[in-house]
Amino acid sequence: MAVTTANPDKAHLWLTGDAYRAPADTPLPVGDLRAATIKGWDAYGGIEAGFEQTSEQSVTEKQVFNYRQAPYKVARDPLKEGMKFRAVDNTKATMLTRLQGGKIVVDENGNNIMQKGIGEEFALFIRVEDGEDAAFFYSPRVTLKGPATRAAIDGQTIDGWEFDVSFLAPLQEVIPELPEGMKAEKAEKPASPAPSGTTGTESH
């Protein structure tokens, strides 16, 4: 029998998940992250075809005239990450994201009419599940890369809107478990702000 290190118990096939939004800079939810209702967050509802995480970073190899063995230095642009998903339920979260900071107005005939804005920032929380296992993705500040793309209105496709989200604050991924042999480091507490009326330095 061939020797293998593969172990299906260590792999995940995320079969379902949900997405939520909240005002920008809303902290990561506390308590049961697998609850259907999360206080302070609005659920998108139905998500078609799951989520697609995107990552992009330009890497430039620098060379010098008198060193030929390998690149002399490597310059890396900031990491750009995001998430794509298609929401199909007409929920508050979906509508707010479609509006991009705009509003709904009522005309003289009582019709609700969308007035889109030019862009907004909000917090995003995503949960994916595989049986008893779950992973979570959170960013306190995200924005759409462009207007939502609507699905084809053809009698066959569920009406929905594709959101291509860019993380303006680093993505925080809560992993289901640590791989064997790894240890997590204790998170550092953020620095406390200087007292009012001080600059953070002492004068003598």
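This is a predicted model: local features need pLDDT of at least 70, side-chain atom pairs count only at pLDDT 80 or more; totals for chains, interfaces and linings use all residues.

Student: What makes Glu-162 and Arg-86 a salt bridge?

Tutor: Their closest N and O atoms are 3.6 Å apart. The cut-off is 4 Å, so the pair counts as a salt bridge. The two residues belong to distant parts of the chain: Arg-86 is in strand β6 and Glu-162 in strand β12, 76 residues apart. Arg-86 is partly exposed at 21% relative accessibility.

Student: Which side chain meets Arg-141 in a salt bridge?

Tutor: That of Asp-25, with an N to O distance of 2.1 Å, which is within the 4 Å limit. Arg-141 lies in strand β10 and Asp-25 in the loop between β1 and β2, so this pair ties together parts 116 residues apart in sequence. Arg-141 has a relative accessible area of 25%, which makes it partly exposed, and Asp-25 is partly exposed at 45%. In total, the structure holds 13 salt bridges.

Student: Is Gly-40 buried or exposed, and why?

Tutor: Exposed, because its relative accessibility is 54% and the label applies over 50%. Gly-40 is found in the loop between β1 and β2. Leaving aside residues up to four places away in sequence, Gly-40 touches Ala-22 and Pro-23.

Student: Why is the pair of Trp-41 and Tyr-138 called edge-to-face?

Tutor: Two values decide that. The ring centres are 6.2 Å apart, within the 6.5 Å needed for a pair. The planes stand at 65 degrees, and over 60 counts as edge-to-face. Both Trp-41 and Tyr-138 are buried.

Student: And what makes Phe-125 and Phe-136 stacked?

Tutor: Their planes are 10 degrees apart, and stacked means under 30 degrees. The centre to centre distance is 6.0 Å, so the pair also meets the 6.5 Å limit. Phe-125 is in strand β9 and Phe-136 in strand β10, and both are buried. Together with Tyr-20, Trp-41 and Tyr-138, they form one aromatic cluster.

Definitions and conventions
Residues are numbered from 1 along each chain as its sequence is written. Side-chain values use heavy atoms; hydrogens and water are left out. Buried means under 20% relative accessible area, exposed over 50%, partly exposed in between (1.4 Å probe, protein chains only). Helices (H or I, at least four residues) and strands (E, at least two) are DSSP runs, numbered from the N terminus. Contact means heavy atoms within 4.5 Å.
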